[in-house]
Structure formats: structure tokens, C-alpha cells
Amino acid sequence: SDRNPGQPEFLQAVTEVVESLWPFIEQNPRYVEHGLLDRLVEPERVLMFRVSWMDDRGQVQVNRGYRIQHSMAIGPYKGGIRFHPSVTLSVLKFLAFEQTFKNALTTLPMGGGKGGSDFDPKGKSPAEVMRFCQAFVSELFRHVGSDTDVPAGDIGVGGREVGYMAGMYKKLSNRADCVFTGKGLSFGGSLIRPEATGYGTVYFADEMLKTRGLSFQGLRVSVSGSGNVAQYAVEKAMALGAKVLTVSDSSGTVIDEEGFTPEKLAILMDVKNHHYGRVSDYAARTGARFEAGKRPWGVKVDVALPCATQNELDADDAATLIKNGVRCVAEGANMPSTIEAAKAFEAAGVLYAPGKASNAGGVATSGLEMSQNAMRMAWPREEVDARLLEIMKGIHAACVQYGKRPDGSVSYVDGANIAGFVKVADAMLAQGVV
Ligand code: NDP
């Protein structure tokens, strides 16, 4: 912590991983050597830059831009761009660190990175969003490339923003290579990429439920968030027969005891994706109950899918969920559970998947988008979806292999950390001290 003052999220992520890896490392001394862990907790490169742009009133605005290039050990840096006022160096360093393990778990050749800005897209006009994206890329472009660093979307960065950034990248570089993933279908995007993180989280949870002879059919499910990941988690959970009771955003939670339907989800998508509105607007349009300032974790459910942001589920929330009989928690967001909450789930025997395992379907499908771009081809929807499902099953199997406890139960936390670590660590050892 002396080395990284004022970086609580980064220290939280490192603590969680190192605590979980330590017993494994002690049994495998080759991983103690060559300063491996010391190197792994230090990003290879941290870029911070000024983003100046002009708002609609003609005023100059200044934001801070970042790109964390954490590890290139197994492939080009890969990870999303986040635009949210809560973005700090600490948040992006934690995300880039986690991303390195997650990308290794996908089995695809991608290193770890993350970037973003404290820019708040809420309340900005479409023209302001475009000008900001262009200003951001006018610096970022010199640091990225299809074999160097391949960004994608994240909170506050969806298809629209990726499009503006990819367009500016082409203009500045005079290259048509596809340096962003999550692109629109008309210029190199992959089918299923928008759905991939949410679908993948539900596929992963389904694999976990199977280990206890369960399926989503008839289960009560809570989802937090209402953005890209949440929307497609709702869709897939419904498709598998679950009753989805909640969505949320930073203003509060919608609770619908009748459960979501495809028609209601279409309204949510219209509110969020076309009007950039709030879940309270959704509640007003559908008559669902809106609880201002509340999170969804008080609702009695079998499965909880946190899909909003880091540290949105704390020890008290975990205790409530456990008391209410939750059986499975699969994270669509990155590090939504605090360390205490995660420990409480594991101690109570709840099937608990950390985001680096259960939400890896997004980046995995970005990897598939890179492969299609490199081949100058586009696969059909069914093919991408089938590959996504196989990858999620593979990550589940890796977690079971590396996370099995002596009593036969599985720690998905240990499994994900160890499986991801082994791949990155072996690659680093093979490539010498660089
Ligand atoms: P979106 O911007 O589409 O949606 C984010 C959602 O989370 C919104 O409902 C937002 O509400 C809510 N949210 C964001 N910040 C906060 C906050 N500080 N407090 C409360 N709620 C908040 O982002 P995504 O759906 O893409 O991302 C959601 C999570 O999933 C993130 O943790 C992201 O890192 C992770 N993830 C995303 C992947 C992807 O492919 N997109 C891949 C893997 C992980 P509001 O609008 O009110 O801010």
C-alpha cells in the first residue's frame, strides 16, 4: 500500500487475488521465483493524458484520460474504456489487473488493459459525446493498435461511443485495421458482442446450478444495473425460464413481482439505449414499483446477478441475500461484491462466481471479433453464440479443476484466480525477465 497510496480499489483487487493464490504458490515454488508476483502487480505502462473539448455553449472542458496497459504476456493489451465520473487511476488499475486474469481464462491470446475518463456522459448532447470521444482518441490513438492494444466498451461506452472512437482512429492513423471491439455491424463488429457479457454470465450461472442439479427454470432472479450487461442478463435468464424481479441504476431499484417479460425488456432498452433515461422512467412507463436510493439485494431470490459496478454489494447485502436463501451469485459486473461479501457467500456454501470468471464472455467475444476481423470474415449469430457457450463452459471447468477443495466443494474464487494466474505466469517465466 505504500507503493500505491490512495488506490483502495486497486489494493482491494490485488489483496483478493494474492490471498487466494498464496497457498497454491507455496505449493508450487517456481512461481515464487523471478519476482513474478512483484511484476504482476505492477502495470507494464500507465498512460494519463489531458482531454480538452468544447461543449455546446462554446466553453472549453477538461477531463482526464487514462489507459492502463497491464500485461502483454499472452497477447495485445485488451480491455474496455469506461466513461464515468467515478473513474480514477485506482479504479482503472484494478480493472486492468483483473482483466489480465480474465482474459487468460478465456483461453484466447489477449493480454490485459483498461482505460477511460472521468467524463460524465449523462446530460451531454450527442454532439458533445462525439466531440469528447474524438478528443479522447486524438491522444489515445498513438498508444493503441490491432497488435498492441485493443480497447472496447464498458460503463458509459456502448456502440455509439465505440463508433465515434473507431472513426477518429481511422482518420488519424489512415489505417482501417480494427483497433476497437464492440464495433457496429456495418464496420467490422461481431454478432452477439452486445449480448455476450450478459448471456455469458447466465451461461456460467447455469453451469454452476447444474452442479447442484438445478436450472434457471422457475427460479427467482435479481439483476442490478440496467445497462448493456444487465439487459442481456435479464433476456437470457428469462429465456431459460427464470422470473427476473429487479433492475436498477444509480438512482434506485425497480421491483416487479410479476417478473420481466420480453415486452417489458423492450421498454427498458428503449428508455436506456435510445432516450438515455433512468429506471424510474421505465417504472413510470410500465407501472412497476420504483424504490429511490435502494439496491436490489433485499428482494428474496434464488439467484443474484450484480451487473452494475464495483462494490455495489456489501457484507450486509450478502447477509440479507443469504438469510433469504440465495443459492447462486454470479457477477456480471467487475468486483461488485466487497471482499467481505464474497467471503460470506463462500462461507455459507452459496455458489459464488467472481466477475473475472462469470463476465468473461464479453471479452471472449471481443476476441472472436478480432479473429473475424483478422480473417476479413463475419460468422453467423449461431456460430458466435455457440463459441461463447463453449468458452463459458470451459471457464467453468477450469474453475472446478483449480478450485476444488478437499471436501469436494468448489471455490470459484480460487479456481478463477489460479487458472488465470497459471497461464499468465507460465508465459512470463518462458519469456524471461522483461
Ligand atoms: P453500462 O454503462 O451499460 O451500464 C452500467 C449500469 O451500472 C447502469 O445501470 C449504471 O447506472 C450502473 N452504475 C454505473 N456506475 C454506478 C455507480 N457508481 N453506482 C450505481 N450504479 C452504477 O455499463 P455495462 O453494462 O457495460 O457495465 C456494467 C458492469 O459490467 C461494469 O462493472 C463493467 O466493468 C462490467 N463489464 C462489462 C462488460 C461489457 O462487455 N460491457 C464486460 C465485462 C464486465 P447509471 O446509469 O445510473 O450510472
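Mentor: Two strands count as paired when DSSP finds at least two bridges between them. Keep in mind that this is a predicted model.

Trainee: In which sense do β1 and strand β2 pair, and over how many bridges?

Mentor: The general idea is that strands of a sheet pair through backbone hydrogen bonds, either parallel or antiparallel. Here β1 and strand β2 (residues 60-71) are paired in the antiparallel sense, over 10 bridges.

Trainee: In what order do the strands of the open sheet lie?

Mentor: The sheet has 5 strands in the order β1-β2-β4-β3-β5, and its pairing is mixed. At the edges are β1 (45-54) and β5 (149-152), each of which pairs on one side only. Direction ignored, neighbouring strands of this sheet are turned by 20 degrees against each other on average.

Trainee: Which helix lies across β2, β3 and β4?

Mentor: That is helix α3 (residues 89-105), which lies across β2, β3 (77-83) and β4 (112-117) and runs at about 150 degrees to β4.

Trainee: What surrounds the ligand?

Mentor: 26 residues do, and the closest are Gly227, Asp249, Ser250, Ala333 and Gly362. By class, the shell around the ligand has 6 nonpolar, 17 polar and 3 charged residues. Helix α7 (residues 228-239) gives the most to this shell, with 3 residues.

Trainee: At what angle do helix α14 and helix α15 pack?

Mentor: Helix α14 (residues 381-403) and helix α15 (residues 412-430) pack at about 100 degrees, and their axes are 7 Å apart. Angles of 65 to 115 degrees count as roughly perpendicular, so α14 is roughly perpendicular to α15.

Trainee: Which residues of α14 and α15 meet?

Mentor: From α14 come Ala398, Cys399, Val400, Tyr402 and Gly403, and from α15 come Tyr412, Asp414, Gly415, Ala416, Ile418 and Ala419. The residues of this contact divide into 8 nonpolar, 2 polar and 1 charged.

Note on methods. Residues numbered from 1 in each chain as written. Predicted model: local features only at pLDDT ≥ 70, side-chain atom pairs only at ≥ 80, totals over all residues. Axes fitted to C-alpha atoms, helices over the stretch in contact; angles between N-to-C directions. Helix = DSSP H or I, 4+ residues; strand = E, 2+ residues; numbered from the N terminus. Parallel < 35°, antiparallel > 145°, perpendicular 65-115°, else oblique. Contact = placed C-beta atoms within 7 Å. Nonpolar A, V, L, I, M, F, W, Y, C, P; charged D, E, K, R; others polar. Near = placed C-beta within 6 Å.
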